[in-house]
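Good morning, and thank you for the time.

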Amino acid sequence: MSAANTKLKGRKIILHDMSLRDGMHAKKEQISVDQMVKIATALDEAGVPIIQVTHGAGVGGNSLQHGFAPHSNEEYIGAVAAKMKQAKVSVLLVPGLGTMREVQSAYDHGARSVHVATHCTEADTSPQHIAYCRKLGMDTTGFLMMAHLNTPEGLAQQGKLMESYGAQIIYITDSAGYMLPEDVREAIARLRETLKPETEIGFHGHNNLGMGIANSLAAIEEGASRIDASVAGLGAGAGNTPLEVFAAVCERMGMVTGVDLFKLMDLAEEQIVPMMDHMVRIDRDSLTLGFAGVYSTFLLHAKRAAQRFGVPARDILVELGRKKMISGQEDMIIDTAMTMAKQRGLLTEAAVG
Amino acid sequence: MKKIKCALIGSGNIGTDLIYKLKRSTVLEPVWMVGIDPASEGLARARDMGLKTTAEGVDGLLPHVLEDGIQIAFDATSAYVHAENSRKLNELGVLMIDLTPAAIGPLCVPPVNLREHADKLEMNVNMISCAGQATIPMVYAVSSVQPVAYGEIVASLASKSVGPGTRANLDEFTYTTSDALVRVGGARKGKALAIINPAEPPLIMRNTVSCLTDDEPDQKKITASVLAMIKEVQKYVPGYRLVNGPDYDGKRVTIFLEVGGLGDYLPTYAGNLDIMTAAAARTAEMFAEEILAGKIQLKPTAVEAA
């Protein structure tokens, strides 16, 4: 049977693995160094060109706000980088959380690529960081999170800013898994018109509405050449675009990714799925994220707050969406749960002791 | 009643808001506004409000310091130029209130340690950051009850309230605030996180303060200490409010705050601006009261160039 769509035949796509960074969220930040090295080695052997590692919130991520991983970011980066035969190790840097000192340390331990991430309207909080990563010689991406909260033109202008700071790649990041293929198409098309031809474009999806693959294809059709994905979808919310599935689709469509599909399938089946604490899938709560436009990482935090304060996770997530909370505002999950619990007579105000 | 004359350096959000705060003071009088762009909106506004202005930076102010009797200056420029501004003004006997993250002088959070600085007659005091002013009183309220191994704060700011200076220098904000959680708040280790949220209508400034205590938290004492400290801060920032907590989860104590501003220069959501300018004004007032009472006298000091 021939591929239905041949217009993408021959297109070269760089797959950027997220299992060991976004996947940390799905594991409550508890992947060990040994597990990370084992999985990264398998990804390297399968030909995946860039592998993101560390705490789910990136460099500087270890905190009460985002949880503590069992090892320092430097330990993960150093251990993985030492084993790579062809893959580059990448990290995430969110200004306001991570700093230049921390990205320098990540570089010193072997990181050579970076997503510098801001909310989709706040690119101007990243000039120092992007310039610094470029100075280090890192493959530097400007990563516009929660992209559904900005217009295509707004995103293009924010991407242009990041490009002016030195970013070589601009990503549209659907952190809430809320975007539909048409939204992605318009955003990427506008970005492609606005950026310099040599600036690459990427897409990072979450599968909360089951759109991970469709959105990634829409992005490629409009000019994206880098796609973030996770093996078996291991990532926040209902997970990222599943890497092995997307690789199969690319192969059917004649796109060139350089990865070994069967090795990725085996990795998904034999290592990633068995290590999941919960099945990363579209369930009631992760679907709520995609439907209400809520940051995917909020999922497990909301479930815990639901247990503590007796307010259902779905109610908390819908309220967070209504209040327009963005990435990094995990503290507002407990706050919102407490406020709702008070309204429902489940909790009383602090009084002078 | 006689007032102490003040100069404001930097004509952005902070400098402009300070004009309103100083105009209300019974002991401070804003006289000069210093900028670097003759076309700046901030300088025009300052002129409209009756201040003298210069667009030549601090050097444009220096010749007027003695004749206009300037005794206190507020620096709301950037960490990079603050040291030089401070040196030049200290040499003329002007006390410097530093609102940049430069932090070359001791760190000041009024309800925690202002008295100490006034007694020592410090010629440069640093106001840390808006998040520091909003959260350090809470860390201190907990650490004064029992030892705090780790203090972490998350400040959520409305996008419209964050000026270009802060945006371009987020790391300095992070470093200065984290350091102050330890040095002033009393935690053994500190970490500060900043979130800039563009929601419309803009969200009011929120701060979440988490402390990890060494032993089980004494809930009754900590809650009382936190509520008492909130009253202290409310004396100069009336919109400082406990929304939730203290929440006790094992050894973690979490306090959820909201900071509403007075709505002087920016609307009330920009509590981050207010808590910084109100704390700076409160600090200057304490020194001014002492000067007016003849208890302290500012003297020219030679400061080594940084």
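Let me begin with a definition: two strands pair if DSSP finds at least two bridges between them. Strands and helices themselves are DSSP runs numbered from the N terminus, with at least two residues (E) for a strand and at least four (H or I) for a helix. The model is predicted: local features need pLDDT of at least 70, side-chain atom pairs count only at pLDDT 80 or more, and totals for chains, interfaces and linings use all residues. Residues are numbered from 1 along each chain as its sequence is written, and chains are lettered from A and ligands numbered from 1 in the order in which they are written.

In chain B, six strands make up an open sheet with parallel pairing, in the order S3-S2-S1-S4-S5-S6. At its edges are S3 (52-54) and S6 (124-126) of chain B, each of which pairs on one side only. On average, neighbouring strands of this sheet are turned by 25° against each other, direction ignored. S1 (residues 4-9) and S2 (residues 28-34) of chain B run parallel and are joined by six bridges. Within S2(B), B:Trp32 is the residue that stands opposite B:Ala7.

Which strands does helix H1 of chain B touch? H1 (residues 13-24) packs on the sheet against S1, S2 and S4 (70-75) of chain B, and its direction makes about 160° with that of S2(B). Axes here are lines fitted to C-alpha atoms, for helices over the stretch in contact, and angles run from 0 to 180 degrees between N-to-C directions. Helix H3 (residues 58-65) of chain B lies across S1, S2, S3 and S4 of chain B, at about 135° to S2(B).

I turn to the domains, whose bounds come from an automatic or database domain assignment. Chain B comprises domain 1 (4-127 + 276-292) and domain 2 (130-270), with C-alpha centres 24 Å apart. Between them, 21 residues of domain 1 of chain B are in contact with 23 residues of domain 2 of chain B, contact meaning that the C-beta atoms, placed from the backbone, lie within 7 Å. On the domain 1 side, H1, H5 (110-120) and H10 (271-292) of chain B each supply at least two residues; the largest share, five residues, comes from H1(B).

Finally, the contact between the chains takes 27 residues from chain A and 33 residues from chain B. On the chain A side, the elements giving two or more residues are H5 (127-135) and H14 (331-343) of chain A, and H14(A) provides the largest share, five residues.

Technical notes: Contact = placed C-beta atoms within 7 Å.
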